[in-house]
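Reader: I have the sequence and the model open side by side. Could you take me through some of the details?

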Amino acid sequence: MPFCFGHYFKPNHFYMRQTCGGCRVPVTRDMVLNDLSGDIAINRKNDTGMKNHTLEYCPGCGHKTFLPNSDKSYRCSACGFLLYRNAVAAVAAIIECQHKILLTIRANDPDAGKLDLPGGFVDNGETAEAAMERELAEEIGFRPPSLTYFGSYPNTYPYAGVVYKTLDLIFTCPLEALPDLQPDDDVSDLVWVSTRAIPFERIAFDSLRKALADYSVHHRCNPAGTIAR
Ligand SMILES: [Zn+2]
């Protein structure tokens, strides 16, 4: 049994590999994913199943001389025009209430019908906190009493023939009473799942699977529900 259910959980020097403060058993995110979901094959469809349109024509001189310069930039071999495509910021919330976590069902592609966390992209000039509050209002009609930053998780998001690299910023929001929520925007429905039975194989994105697995590690070693970090 790799997990401690009773001891208080204390992170050691590196938070992705942690040790139970009581029995010193190391607990890792991969252990949680393997333990809770068996031999799930992480869905790589998003990485390979869609044509990724590439930039070919230089926005500076118009010639078909615009070539990848690195994994995050293009450069025109004719005029030297340089364009960076860095990660796009996105936010998502882990809302927990009575040992259950709120998941949304995606109304739209990519991965329509799969499970998700409420959230979305950060607008230009917007803070992550404001984006999180806006997305919660838009998607589930919810005004969070508090938001606590949890961690950041890189992701790949294919949309309309373009594969975007994102950095998903995860917030947590513990609640004592179940809120009245209404699915809206790009959410078709809502489900509450047990923190001990998160259906990782039905969750849309690799970043959110990892975030929820990390969250689950914390929850398992501190069943009272408080995150020890
Ligand atoms: Zn050019």
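Author: Gladly. Keep in mind that this is a predicted model. Ask away.

Reader: Where is Asp-111, and is Asp-111 buried, exposed or partly exposed?

Author: Asp-111 sits in the loop between β8 and β9. Its phi is positive, near 65°, and the residue is not a glycine. Buried would take 20 or more other C-beta atoms within 10 Å, and exposed 12 or fewer. Asp-111 has 18, so the class is partly exposed.

Reader: Which residues does the cis peptide bond join?

Author: Look in the loop between β8 and β9, where Pro-110 is found. Omega of the cis bond is about 5°. The two residues joined are Asp-109 and Pro-110.

Reader: How many C-beta neighbours does His-99 have inside 10 Å?

Author: His-99 lies in the loop between β7 and β8. This residue is not a glycine, yet its phi is positive, near 65°. His-99 counts as partly exposed because its C-beta neighbours inside 10 Å number 13.

Reader: Which residues of the largest nonpolar core touch the most other members?

Author: This core holds 35 residues. Two or more of them come from each of β7 (88–97), β8 (100–106), α3 (128–140), β11 (148–159), β12 (162–175) and α4 (206–221). The residues that touch the most other members are Val-91, Ala-93, Ile-94, Ile-170, Leu-208 and Leu-212.

Reader: Take Ala-93. Which residues does Ala-93 touch, not counting those up to four places away in sequence?

Author: Ala-93 is among the core residues that touch the most other members. Set aside the residues up to four places away in sequence. What Ala-93 touches is then Leu-117, Pro-118, Gly-119, Met-132, Leu-136, Phe-171 and Cys-173.

Reader: And Leu-212: with which residues is Leu-212 in contact, leaving aside neighbours within four places in sequence?

Author: Leu-212 belongs to helix α4. It is buried, because 29 other C-beta atoms lie within 10 Å. Thr-195 is 17 residues away in sequence, and the two C-alpha atoms are 9.0 Å apart. Beyond four places in sequence, the contacts of Leu-212 are Ile-94, Ile-198, Phe-200 and Ile-203.

Reader: How far apart are the end C-alpha atoms of α3?

Author: α3 has 13 residues. At 1.5 Å a residue, the helix should span 18 Å. The model agrees with that, as the end C-alpha atoms are apart by 18 Å.

Reader: Within what arc do the buried residues of α3 fall?

Author: The buried residues are Ala-131, Met-132, Glu-135, Leu-136, Glu-139 and Ile-140. They line one face of α3, because, seen down the helix axis, they fall within an arc of 130°.

Reader: What covers those buried residues of α3?

Author: Met-132 and Leu-136 are buried residues of α3, and Ala-93 touches both. The cover over the buried residues of α3 includes β7, β8, β10 (119–121), β12 and β13 (187–194).

Reader: Which residue of β5 is the bridge partner of Ser-70?

Author: β4 and β5 pair over 4 bridges, in the antiparallel sense. A hairpin of 2 residues joins β4 to β5. In β5, Ser-70 has as its bridge partner Ser-73.

Methods:
Residues numbered from 1 in each chain as written. Predicted model: local features only at pLDDT ≥ 70, side-chain atom pairs only at ≥ 80, totals over all residues. Core = buried A, V, L, I, M, F, W, Y, C linked by C-beta atoms within 7 Å. Contact = placed C-beta atoms within 7 Å. Pairing = 2+ DSSP bridges. Expected span 1.5 Å × (residues − 1). Arc of directions from axis to C-beta.
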